[in-house]
Amino acid sequence: MTQAREAVFDEATVERRLKEELPQWRLEEGWIRRTYKTASWKSTLMVINTVGHMAEAAWHHPDLTASYAWVEVRLMNHAAKGITEKDFALAKKIEEVVAWQPGAEGGALEGTPTDPRFAYIKYEK
């Protein structure tokens, strides 16, 4: 059985949705992208593994580029040859998990200490 190709959003729709739903993400060269700044190579690997787990569970795989203190996540639906609802759904889940700041929630989970030895993601203020 052949599945119908998913609807691809036009550039204006992608830009509008990014602004409204994922303001830290950007549209560039046909991909929606987000660069996460990390504190170290260990943190970079933690982000890569987290994104990898979510992508595999979703069966929708981003392209990743990484260096010592950053990870760039790029999403585009290869089969549809453009940005689809799958890209937005996975980007939202990645953003929710990777950018999570438990200390800001005020609950039992306090988040990582401010000591640079324990730094993880460089959260945007």
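Hi everyone, let me start with a cluster of charges: Arg26, Glu28, Glu29, Arg33, Glu72 and Arg74 are linked in a network of salt bridges. By salt bridge I mean a side-chain nitrogen of Lys or Arg within 4 Å of a carboxyl oxygen of Asp or Glu.

Before going on, a word on the source. This is a predicted model, where local features need pLDDT of at least 70 and side-chain atom pairs count only at pLDDT 80 or more, while totals for chains, interfaces and linings use all residues. Residues are numbered from 1 along each chain as its sequence is written, and side-chain values use heavy atoms, with hydrogens and water left out.

Helices (H or I, at least four residues) and strands (E, at least two) are DSSP runs here, numbered from the N terminus.

Are these two residues buried or exposed? Both glutamate 72 and arginine 33 are buried. Buried means under 20% relative accessible area, exposed means over 50%, and partly exposed is in between, using a 1.4 Å probe and protein chains only. Strand β4 itself is mostly covered, with 5 of its 6 residues buried.

Now the sheet around β4. It is an open sheet of 4 strands in the order β1-β2-β4-β3, with antiparallel pairing. β1 (26–28) and β3 stand at the edges with a single partner strand each, so one side of each has no neighbour in the sheet. From one strand to the next, the twist averages 30°. Two strands count as paired if DSSP finds at least two bridges between them.

Let's walk across the sheet. β1 and β2 pair in the antiparallel sense over 3 bridges, and leucine 27 stands opposite isoleucine 32 in β2. On its β4 side, β2 is joined by 6 bridges, again antiparallel, and here isoleucine 32 has leucine 75 as its bridge partner. Then 5 bridges join β4 to strand β3 (residues 63–67), also antiparallel, with alanine 66 opposite valine 71. β3 and β4 form a hairpin with 2 residues between them.

What about the helices? Helix α2 (residues 41–58) lies across β3 and β4, running at about 170° to β3. Such angles run from 0 to 180 degrees between N-to-C directions, with axes fitted as lines to C-alpha atoms, for helices over the stretch in contact. Contact means heavy atoms within 4.5 Å.

Helix α1 brings us to another charged spot. Where does glutamate 21 find its partners? Arginine 17 meets glutamate 21 in a salt bridge of 2.8 Å, N to O. These two residues are 4 apart in helix α1 (residues 11–21), so about one helical turn separates them. Arginine 17 counts as buried at 8% relative accessibility, whereas glutamate 21 is partly exposed at 29%.

Lysine 92 also forms a salt bridge with glutamate 21, at 2.7 Å between the closest N and O atoms. Lysine 92 lies in helix α3 (residues 85–98) and glutamate 21 in α1, so this pair ties together parts that are 71 residues apart in sequence. Lysine 92 is partly exposed, at 34%.

In total, the structure holds 14 salt bridges.
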